[in-house]
Amino acid sequence: MEMVWNIFFMFGGVAAMMLGMKIMGGALEKVAGGGMKKMLGKVTSNRFAGVGVGIAVTSVIQSSTATTVMLVGFVNIGLMTLGQATNVIMGANIGTTVTAHIVSLSEVADVGAIAAMIGCGGVLTAMLVKNEKAINIGNVLGGLGLLFVGLEFISTYAKEIMFINGDKNNPAGWAMAIFQGDHFPLLLVLIGIVITALVHSSSTITSLMVVLAGIGVLSFDNALFLALGSNIGTCITSIMSSAGTNVNAKRTALVHLMFNLFGCLLFLAPIWIWKEEVTWLFASMADNVGQQIAIFHTLFNVCATALLIPFTKYIVKLACLLIKDNKEETEDKYKFAYLDTRMLETPAIAASNVKREIIRMSNLSKDNINYSLEMLLNTSADNTAKIRENEDVINHLNKNIVGFLTRLMGKDLNEQDDKKIGSYYHVVSDIERVGDYAENIMEYSQRLKAEESEMSDDAKKELTDLKERFNRLHDKTILAFDNRDLSVLPEVADIEETIDELSVELETRHIDRLRKGLCTAQIGSIFLQTVSNLERVSDHMTNVAFSIKQYTK
């Protein structure tokens with residue numbers, strides 16, 4: 001039973017380590033969320049800039065898998081090209097090695113104990129301090145402390161399992177000692193692939209290798225080939241994530257696999273042939289085997305990137321050759337243009353992109369207002385099909401954006417993003433109502449056409465003036481909403497007030513025309529209802545603009 005309890009404690013240590021990594025990565029993402037959004041927004045075709053972004057983002061979220069899954073999502077919705085994503089993937093492979101270096105510090109005297117104590121301080125900070133930034137920093141430190149506590153458990157109980165009752169030949173000790181013998185390298189690569197594919201994290205596997213090597217369970221020779229295999233195994237998540245995506249998103253997952261596979265093949269034979277020389281080289285860099293593995297993992301990915309980056313275009317071409325263009329694949333207006341469920345892995349990025357999808361929805365509602373007014377002002381125009389198609393898309397987006405927001409609210413968001421997402425529910429509702437009013441105006445124009453009637457020139461001129469004011473209001477609203485610019489709000493309020501005043505004035509003028517017999521009751525009714533609808537539309541747009549006050553300081 002002692003061996004069973006030791007195994008339980010060891011796996012508890014693995015769980016604590018993984019949880020610590022997750023907490024630390026999530027808190028770091030909150031702290032650097034704005035910076036990550038800016039970095040990803042500036043990704044260009046410059047391959048070195050892309051690699052740098054990949055390193056930075058993955059170092060923050062502590063997972064190349066999460067980064068690659070996010071990239072599959074970006075390519076799927078067209079926010080990033082396949083070439084840009086390829087460069088970021090190369091950087092992600094380097095960024096993910098940071099975790100192993102953090103873990104290797106556990107082998108340095110007292111670092112684990114100090115980190116655990118710092119973690120305790122971080123947890124207390126997160127519990128007692130109300131400042132959001134301090135809470136996030138506290139969670140980073142708490143996650144770091146939990147990581148090292150998990151490492152200590154793994155180290156302690158792995159030793160117990162190896163030497164239980166002083167006998168290294170016990171069944172568990174014999175099973176773990178498999179990693180110490182001289183094994184066929186390709187078998188070790190395969191084991192690395194399978195284990196990493198099951199865990200879905202090369203960082204976790206490499207970190208475990210560092211710990212096990214530090215206590216003598218894993219030899220450096222074997223760790224080399226396991227590390228090569230883990231780089232391939234981590235691709236399974238992005239491949240699974242690409243299911244159901246467009247052609248370029250599938251190519252992104254394939255590029256990730258090819259890059260890691262080519263890197264493994266480039267170094268497998270030299271390491272196999274000159275294994276003793278490689279072992280001597282890394283032994284000269286660090287005394288501790290765990291630190292040697294961390295250094296190897298980083299150098300391997302840096303060298304693989306340096307060797308393959310000149311061939312980026314050819315890797316992309318090969319991916320395009322292997323996954324052919326789908327000629328039947330057409331643009332689907334009903335699909336998100338800026339959102340993908342894979343973005344939920346990085347809530348800060350998802351929160352930013354929801355705004356872009358809302359703006360797209362708002363532009364469709366603006367188009368419908370203009371289409372419907374065109375029909376009213378010119379009875380020969382028929383935009384019915386366009387308006388109905390746009391309205392279907394608006395309703396579809398309304399439903400799906402709300403669903404996405406609900407899922408996003410369940411994620412760990414920082415205070416500002418939490419308020420922002422809460423306000424977006426109301427914004428989406430306001431924009432959906434604008435689309436409904438456009439449908440109303442379209443129906444008024446159809447009634448007018450059916451009665452073979454037409455508005456007077458004065459009425460047309462007045463509605464054209466109101467239409468121009470609405471368009472200015474919409475553009476200023478989107479400017480404020482997109483840039484979180486409070487300075488635009490007074491201008492929005494002024495335009496909305498002039499629309500209110502003009503609406504009252506237009507009602508008075510039209511009643512005067514009715515009295516003079518210059519307009520029929522039927523046309524007058526349509527005119528007044530249109531003016532009333534546009535006044536309500538301006539109220540909804542003003543709500544959208546002023547929603548930014550809830551989360552903008």
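**Contacts and helix packing in a predicted model**

Reader: Which residues does N390 touch, not counting residues up to four places away in sequence?
Author: This is a predicted model. Contact here means heavy atoms within 4.5 Å. Leaving out residues up to four places away in sequence, N390 touches L364, D367, N368 and Y371.

Reader: What is the length of the polar contact between the side chains of N390 and N368?
Author: N368 is among the residues that N390 touches. A polar contact needs a pair of N or O atoms within 3.5 Å. The side chains of N390 and N368 are joined by one of 3.1 Å.

Reader: Is N390 buried or exposed?
Author: N390 sits in helix 19, residues 384–409. Its relative accessible area is 8%. Buried means under 20%, so N390 is buried.

Reader: Which helix holds S104, and what is the relative accessible area of S104?
Author: S104 lies in helix 6, which spans residues 98–104. The cut-off for buried is under 20%. S104 is therefore buried, as its relative accessible area is 5%.

Reader: Which residues does S104 touch, not counting residues up to four places away in sequence?
Author: The cut-off for a contact is 4.5 Å between heavy atoms. With residues up to four places away in sequence set aside, S104 touches V210, G290, Q291 and A294.

Reader: How many Å apart in space are S104 and N288, C-alpha to C-alpha?
Author: In sequence, S104 and N288 are 184 residues apart. In space, C-alpha to C-alpha, the distance between S104 and N288 is 8.5 Å.

Reader: How are helix 10 and helix 11 oriented to each other?
Author: Helix 10 covers residues 185–199 and helix 11 covers residues 202–214. Their axes are 8 Å apart, at an angle of about 125°. Angles of 65 to 115 degrees count as roughly perpendicular and those over 145 as roughly antiparallel. The two helices are therefore oblique.

Reader: Is the crossing of helix 10 and helix 11 left-handed or right-handed?
Author: I195, T196 and V199 of helix 10 meet S202, T204 and I205 of helix 11. By class, this contact has 3 nonpolar, 3 polar and no charged residues. The crossing of helix 10 past helix 11 is right-handed.

Reader: What share of the contacts in the chain between residues at least 6 apart in sequence join residues at least 24 apart?
Author: The chain has 23 helices and 0 strands. Of its 553 residues, 51% are buried. Among contacts between residues at least 6 apart, the share joining residues at least 24 apart is 80%.

Terms used: Residues numbered from 1 in each chain as written. Predicted model: local features only at pLDDT ≥ 70, side-chain atom pairs only at ≥ 80, totals over all residues. Heavy atoms only, no water. Axes fitted to C-alpha atoms, helices over the stretch in contact; angles between N-to-C directions. Helix = DSSP H or I, 4+ residues; strand = E, 2+ residues; numbered from the N terminus. Parallel < 35°, antiparallel > 145°, perpendicular 65-115°, else oblique. Left-handed = near helix turned anticlockwise from the far one by under 90°. Nonpolar A, V, L, I, M, F, W, Y, C, P; charged D, E, K, R; others polar. Buried < 20%, exposed > 50% of the residue type's maximum accessible area, 1.4 Å probe, protein only. Polar contact = N/O pair within 3.5 Å; in protein donor to acceptor, adjacent residues only side chain to side chain.
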